[in-house]
Amino acid sequence: MKERSKSSSASNLPLILDIDDFKLLPSFQEEEADTADGHSIGGTDVLPNGHIRVSSDATKFAQGLSAPLFPEVDALLSLFKDSCRELVDLRKQIDGKLYNLKKEVSTQDAKHRKTLTELEKGVDGLFDSFARLDSRISSVGQTAAKIGDHLQSADAQRETASQTIELIKYLMEFNSSPGDLMELSPLFSDDSRVAEAASIAQKLRSFAEEDIARAVPSVVGSVTASRGLEVAVANLQEYCNELENRLLARFDAASQRRELSTMSECAKILSQFNRGTSAMQHYVATRPMFIDVEVMNSDTRLVLGNQGSQASPSNVARGLSSLYKEITDTIRKEAATIMAVFPSPNDVMSILVQRVLEQRVTTLLDKLLSKPSLVNPPPIEEGGLLLYLRMLAVAYEKTQELARDLRAVGCGDLDVEGLTESLFSVHKDEYPEHEQASLRQLYQAKLEELRAESQKVSESSGTIGRSKGASVASSHQPISVAVVTEFVRWNEEAISRCTLFSSQPATLAANVKAVFTCLLDQVSQYITDGLERARDNLTEAAALRERFVLGTNLSRRVAAAAASAAEAAAAAGESSFRSFMVAVQRCGSSVAIVQQYFANSISRLLLPVDGAHAASCEEMATAMSSAEGAAYKGLQQCIETVMAEVERLLSAEQKATDYCSPDDGMAPDHRPTNACTRVVAYLSRVLEAAFTALEGLNKQAFLTELGNRLHKGLLIHWQKFTFNPSGGLRLKRDITEYGEFVRSFNAPSVDEKFELLGM
């Protein structure tokens, strides 16, 4: 123990070690040798047998270090040995304590497991007890519930029996002599118990009526009972009526004083009589706007103005807007009162709004809209059918706005939109027929206006003989694009009304198609009549030419007069030619306006219905075919007019010596002949109008036909003359002039013919 204490004391001393102190240890030297891999390290050589050969310098160094380098090694070894012995002893002590602890833990674990087993058995027993207790509680609860139900049922039956006894007692009071209500209980005359009296009276009345309904007439006792109850029912009805009237009177008095609480109390009691219908209807019927005649007269003045004055749609629109706004504001104020008074405000609002539409609005519409007759429509001077249709559209649109406003305010379960539609059903049933009749009336009025204007122009210009060609072209009203535009404007307005009145796509398409067909008929008839009038001018000009054809063997004076008349007929022909070309141009513009209107406004309304669009396109082509036929005939007449004037100019101006050599020996004249110059000048004038009026294939066909006719006519004309070489040069010059002019037609086939002539 002393040695151990020494070692312990020695171990407590500070020990300073350096890594270099371990370099001379055998283990360290072996490690150094392994890293050398057989090479010399630090002046030593490793021999093959494992020994180290030390160099001379190393030997000297070893000799210098012969003294011990680590003198404390023995103390350390002793310390290490003592420590190992102590560690071994400690391990044995710990192993012993650990064994004892394991043994003790095993013993405690066994005891714990035994305790847990006993606890589990106790808990299972406790659960079984709880289950039995819960079952018992449930059984007791069910029994108590049944007892409670029986008690409640018995109490209800007792209460019912008590009420029945009370009701039977009251019923016996009412079952006295008919009309005798003097001996009733104080309950039925006490104003403070009116609600209770009303409830009991309704119960008695229901009981008596049900009993009468169940009675069997074949049984004498039942018949007797029924007769007795009939007396009670009659008396109850009389009492209920009296009570209801008394409550209504109290309600009216409270309404005049604006006592909403009293009104609400009366309304609540009255709700027991026919669910309060009489109170609701009575309240609505007593509103000032339904009983004050001045209110209705004011409505009429606001919308229609003073009596005797013609109301305009714009003024009616403003008046309806103001009136309907006033009605909406009134309904909104009444709604506040109704919400505070009645137990079923939606039902009252439904009755109120229905009464407004059926009485106040309907009365006004009857004065505003008087459905005209289609057989004898109102004259156009008084507005015609158009005024009625415009008034109808304004009234319908504004009333629809009123319906939407009333729906926003509140109208219960009332179908306010459907009710509004029904107000106009009598007008909408025949609306398409009235719209078409209106368009026809406007068209006839416009034609009469145009005829009157034409007549006025004719009278102002004075009476001019038909020999003065200018009057031929101006005696008929020409086609006007502005008039066709007016037709389209009428139709567009009618289409807008169709859209307003037709909610279903199929109905809208049918109405639109019918209205658009009216436009096609009007435009087709108007432009066809205009073309026919222009053709009449051409025909009259042709008749003038035939009257003044120059004959032979005429005196100079007669010939001069005839020539002057022929010039006048020629002027009339040229004027009628220009007029017809203007008519054709305006006809094309009118058709283009209708086609554009169809594309922009009509087609989209017809597309939802299969076949409607294609059918309208076909109708449009059919309607314009008559105008195309008149235009074609007129263009043929124009060609005849041109050729007749060309022939007249050639006959009058072409001299027999134009294509012969001069007799005086002078040089031949290379200028075009006077006849050629006048014909080309005439053609230039008239064809300028054709170039302006015609376009496309129509223009090409017309000029080609005219060129061919001109070529043929010139050939026939030149066959009448005799040519010599110098005269032939002048003929060639004429041919060149005609050819250059015809070339401006842009008709290749005609150009080639004149080029061949020029060769």
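This is a predicted model: local features need pLDDT of at least 70, side-chain atom pairs count only at pLDDT 80 or more; totals for chains, interfaces and linings use all residues.
Residues are numbered from 1 along each chain as its sequence is written, and side-chain values use heavy atoms, without hydrogens and water.

The chain has a mean pLDDT (the predictor's confidence in each residue, from 0 to 100) of 79, with 73% of its residues at 70 or more. Of the elements of the chain, helix 18 has the highest mean pLDDT (95) and helix 1 (residues 2-11) the lowest (43). Helices are DSSP runs of H or I with at least four residues, numbered from the N terminus. For residues 218-226, pLDDT stays under 50, and the model has 6 contacts (heavy atoms within 4.5 Å) beyond four places in sequence. Residues 463-475 also have pLDDT below 50, with 21 contacts beyond near neighbours in sequence.

A cavity is a set of points on a 1 Å grid, over the protein atoms alone, where a 1.4 Å probe fits but cannot get out; lining residues have an atom within 4 Å of a point. The largest cavity holds about 40 Å³ of space, the volume being that filled by probe spheres set on the points. Helix 13 (384-409), helix 16 (431-461) and helix 18 (481-501) each contribute at least two lining residues. Among the residues of this lining are R390, E435, W490 and R497. Because domain 2 (287-453) and domain 3 (475-652) both give residues to the lining, the largest cavity lies between them; the domain bounds come from an automatic or database assignment.

Definitions and conventions
On a 1 Å grid over the protein atoms alone, a cavity is a set of points where a 1.4 Å probe fits but cannot get out, and a pocket is an open set with protein on both sides within 12 Å along at least five of seven lines; lining residues have an atom within 4 Å of a point.
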